Amino acid sequence: TWHLKKIPQIVSERTFSLDSPKFEAKTKLELNSVCGIECQRKLPVPSLSDLKDLLSYETVFENGTRTLTEVNVLGLVLDPAGNTTTRRSARRKRQIYGTDSRFSIYDKRFMTNFPFNTAVKISTGCSGILISPKHVLTAAHCLHNGKDYVKGSKRLRVGLMKTKSRGDGRKRKGAKRNSTPSFQWTRVKSTHIPKGWFKGVSGDIALDYDYAVLELKRPHKRKYMELGISPTIKMMPGSMIHFSGFDNDRAGQLVYRFCSISDESNDLFYQYCDAEPGSTGSGVYLRLKEPNKKKWKRKIIAVYSGHQWVDVNGEQQDYNVAVRITPLKYAQICFWIHGNDENCTQG
């Protein structure tokens with residue numbers, strides 16, 4: 001069941017103008033993180049002043065101007081337990097773990113319908129997910145490498161799926177007709193990235209803040225997926241998560257996968273979902289029951305950050321990692337969508 005949680009409030013205090021970014025960084029679809037599972041376990045719990053700093057955010061507008069908004073956090077109860085993780089068996093492999101268990105979605109009845117129609121392509125080479133009539137959630141590193149915005153993010157666009165049929169429209173006798181997604185590209189009006197991403201890159205804890213929200217110039221008029229608070233592994237049916245994106249090795253295809261989570265910290269899920277670069281930034285979702293209702297509902301509970309080499313017991317091992325939507329991150333993303341905190345009190 002989706003459990004309602006009281007959400008802390010994030011309110012903006014001051015907004016400053018910053019110099020325009022250079023937009024000269026190279027897009028890097030695979031990150032090297034130094035702070036792995038063991039390191040995450042030992043991280044101190046951030047204080048309230050740390051969180052205010054980490055959750056302050058940069059906004060870049062279509063014309064290249066940039067602002068920094070400082071925030072305050074209200075109604076937060078700090079968890080003294082720190083970064084608890086569940087120890088599971090680890091294995092050392094690569095981005096495709098054993099047999100490739102990804103599914104390419106060909107049928108346009110699926111491709112253009114919920115939940116697959118919520119997957120979008122970002123012009124810098126990543127994926128994203130629709131979270132409101134005008135907003136897209138993706139990974140921060142699709143837009144910024146920790147020091148500067150990537151080259152393609154100055155004229156950022158989002159591709160929404162539409163289907164076209166291969167061939168000339170006339171179906172030859174006995175020929176199979178295949179649908180492949182083509183994209184209707186929409187310009188991005190502004191992007192929001194938490195300051196924790198910029199600070200973290202130098203402090204080796206960047207992954208916790210590897211998320212960003214893009215505001216589209218025009219509403220997309222499609223069904224989008226709501227945000228949810230990420231439950232712990234124990235609270236997930238079979239510990240299973242799902243996500244769809246545009247993997248580089250399957251050009252022009254929407255690729256869906258599901259798998260179970262192997263390990264978790266307060267901010268990250270470590271899993272072996274088969275994925276390749278290009279699917280980075282996809283929305284990870286669950287399907288749970290609504291409280292006191294018989295209806296099932298899918299909600300986004302994490303952002304897929306990509307393939308990571310992490311330190312486990314002094315050894316380098318690899319996982320595919322996703323950034324969990326905690327109550328604080330829910331409050332921040334919700335604030336970015338609505339421009340106020342009134343609609344963000346229950347997650």
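These legends walk through several close-up views of a predicted protein model.

Residues are numbered from 1 along each chain as its sequence is written. Local features need pLDDT of at least 70 and side-chain atom pairs count only at pLDDT 80 or more, while totals for chains, interfaces and linings use all residues, and side-chain values use heavy atoms, with hydrogens and water left out.

Figure 1. Helices (H or I, at least four residues) and strands (E, at least two) are DSSP runs, numbered from the N terminus. Of the 347 residues, 55% are buried, meaning under 20% relative accessible area with a 1.4 Å probe, protein chains only. Contacts are heavy atoms within 4.5 Å; among those with a separation of 6 or more, 75% join residues 24 or more positions apart.

**Figure 2. Tyrosine 57 and tryptophan 336, an aromatic pair.** The structure holds nine aromatic pairs, that is, rings of Phe, Tyr and Trp (its six-membered ring) with centres within 6.5 Å; planes under 30 degrees apart count as stacked, over 60 as edge-to-face and the rest as tilted. Here the ring centres of tyrosine 57 and tryptophan 336 are 5.4 Å apart and the planes are at 75°, so the pair is edge-to-face. Tyrosine 57 lies in strand 2 (residues 57–61) and tryptophan 336 in helix 5, so the pair ties together parts 279 residues apart in sequence. Both tyrosine 57 and tryptophan 336 are buried. Together with Tyr209 and Tyr211, they form one aromatic cluster.

**Figure 3. Histidine 192 in strand 9 (residues 179–194).** Histidine 192 counts as buried because its relative accessibility is 11%. Its side chain makes a polar contact of 2.8 Å with that of threonine 59; such a contact is a pair of N or O atoms within 3.5 Å, and within protein one must be able to donate a hydrogen and the other to accept it, with residues adjacent in sequence counting only if both atoms are side-chain atoms. Not counting residues up to four places away in sequence, histidine 192 touches Tyr57, Glu58, Thr59, Ala212, Val213 and Trp336.

**Figure 4. Phenylalanine 243 and tyrosine 304, a stacked pair.** The ring centres of phenylalanine 243 and tyrosine 304 are 4.7 Å apart with planes at 25°, so the pair is stacked. Phenylalanine 243 belongs to strand 12 and tyrosine 304 to strand 16 (residues 296–312), 61 residues apart. Both phenylalanine 243 and tyrosine 304 are buried.

**Figure 5. Aspartate 247, in the loop between strand 12 (240–245) and strand 13 (254–264).** With a relative accessibility of 2%, aspartate 247 counts as buried. Its side chain joins that of arginine 257 through a polar contact of 2.8 Å.

Terms used
Buried means under 20% relative accessible area, exposed over 50%, partly exposed in between (1.4 Å probe, protein chains only).
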